[in-house]
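Subject: Handing over the model with its ligand

Hi there,

Here is the structure I promised you.

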Amino acid sequence: MILQRLETAGFEAYCVGGCVRDALMNKTPFDWDICTAAKPEQIMHIFEDFQLVTNGLKHGTVTVIVDRKPYEITTFRTDGEYLDNRRPESVFFVKNIEGDLARRDFTVNAMAFSPLHGFADLFGGRKDLAAGIIKCVGDPEKRFMEDALRIMRMLRFAAVLGFEIESKTAAAAIKTKKLLKNIAAERICTEFLKLLDGKTAYEILSEYEEIFAEILFLPFKGDFKAAAKAAAEHSGTKNRLAVLFHMLYFEPQEVKKAAEALKMSRDMTSFCVFVSEHFDDKIPANITYMRKAVGAYGKERMLSLCEIKNAKEAIGFLETIEQKKLCCTLKELNISGGDLADIGISKGKRMGKALERILNDVIEEKTDNEKNSLVSYARRLVEAGEI
Ligand code: ATP
Ligand code: MG
């Protein structure tokens, strides 16, 4: 519909980039990017009856919302001059698709398709896709010097798609690896996390260790390849990252520094620190221990830790806790501070301690978690002088 509208208005239009790559691999594309000969004002005019997002306007991009989904429509363009091996300062619109494809990073990302015009594949993207090869468009050294983030993208695509990196492209990436210092940590981090979840993450990590040494916090205390291997044995980005970091740095404090250096989210950072702190814990296979641990650290974290430690029985207990909705936290306790105040427990420190004690006893099954039983249980503890 979008392509047709643009063509009807007299402008060539194609799907381009990642969506063409994914569609050719029989994967459902994450999003559909469109490129066209129409200029931004013309795009806006053609889609004036749609909701538009125009914050990408200076790069020639108008986002059109169709059926609540965003479609980025970008005018054919080349990039202006690159400063500091980062994004170009300016962009220039060009007349045809060829110029637009030439600015793209890898041959498999430099294909366009339209039902009307068929494929525009100037750089052999389909051939490289079929052969499983990541190869720069044009001179790889020049392309990495223009934008060093492409080095990380190269590694990411290779790991996620399970592709080989063409030899000149690989050599150029190694040669220009120091330029990664000019790239914002957040952007490197995004690519690194995607890479880590890739199917050939281990192969890529171990083969390109020298590039990773440019972006990761140094020094490594553990062996890099062994850490990469251990990480790849787990599944999911978070678990892999936490294992990798622990095996590289050993100390929770060092893990924290490493996560912060890559500007990881706060959640990811504290998760990695948590795993590092508990990496050598023995997880007793008993439900009381698991309930207390869930209370202290949360279900999600305990599940990850158990996965990492391959504690199958403990995972079974977590499932039981979930299914039976077993009480593990103060919030789930069916007695409140107000109820305790009614039986004469003063607010503040004493109250906090009393609640903790009752929670502990519920978990140890000394009382059930029903309001009436809890109130009489609390009374007994008060009489015994225990709270
Ligand atoms: P994903 O599946 O992760 O979205 P993608 O290939 O669509 O992969 P995007 O970052 O969405 O990646 O970029 C869309 C397209 O823009 C790419 O396919 C590529 O053609 C081009 N591109 C993106 N980043 C760069 C870059 N740094 N240098 C050159 N071309 C780029
Ligand atoms: Mg994309």
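Around ligand 1 there are 14 residues, and Arg21, Asn109, Asp147, Arg150 and Arg156 come nearest (near means that a heavy atom lies within 4 Å). This is a predicted model, in which local features need pLDDT of at least 70, side-chain atom pairs count only at pLDDT 80 or more, and totals for chains, interfaces and linings use all residues. Residues are numbered from 1 along each chain as its sequence is written, chains are lettered from A and ligands numbered from 1 in the order in which they are written, and side-chain values use heavy atoms, leaving out hydrogens and water.

By class, the shell has 10 charged, 3 polar and 1 nonpolar residues (Asp, Glu, Lys and Arg count as charged; Ala, Val, Leu, Ile, Met, Phe, Trp, Tyr, Cys and Pro as nonpolar; the others, Gly among them, as polar). Helix α7 (149-161) and helix α2 (18-24) each supply at least two shell residues, with α7 giving the largest share, 4 residues (helices are DSSP runs of H or I, at least four residues).

Which backbone atoms make polar contacts (N or O pairs within 3.5 Å) with ligand 1? Oxygen atoms of the ligand lie 2.9 Å from a polar backbone atom of Asn109 and 3.2 Å from a backbone N or O of Gly18. A ligand nitrogen is 3.2 Å from a polar backbone atom of Asp105. Taken alone, ligand 1 exposes 580 Å², and the protein buries 77% of that (Shrake-Rupley, 1.4 Å probe).

Ligand 1 lies between domain 1 (1-124) and domain 2 (132-215), because both give residues to its shell (bounds come from an automatic or database domain assignment).

Best wishes

Definitions and conventions:
Polar contact = N/O pair within 3.5 Å; in protein donor to acceptor, adjacent residues only side chain to side chain.
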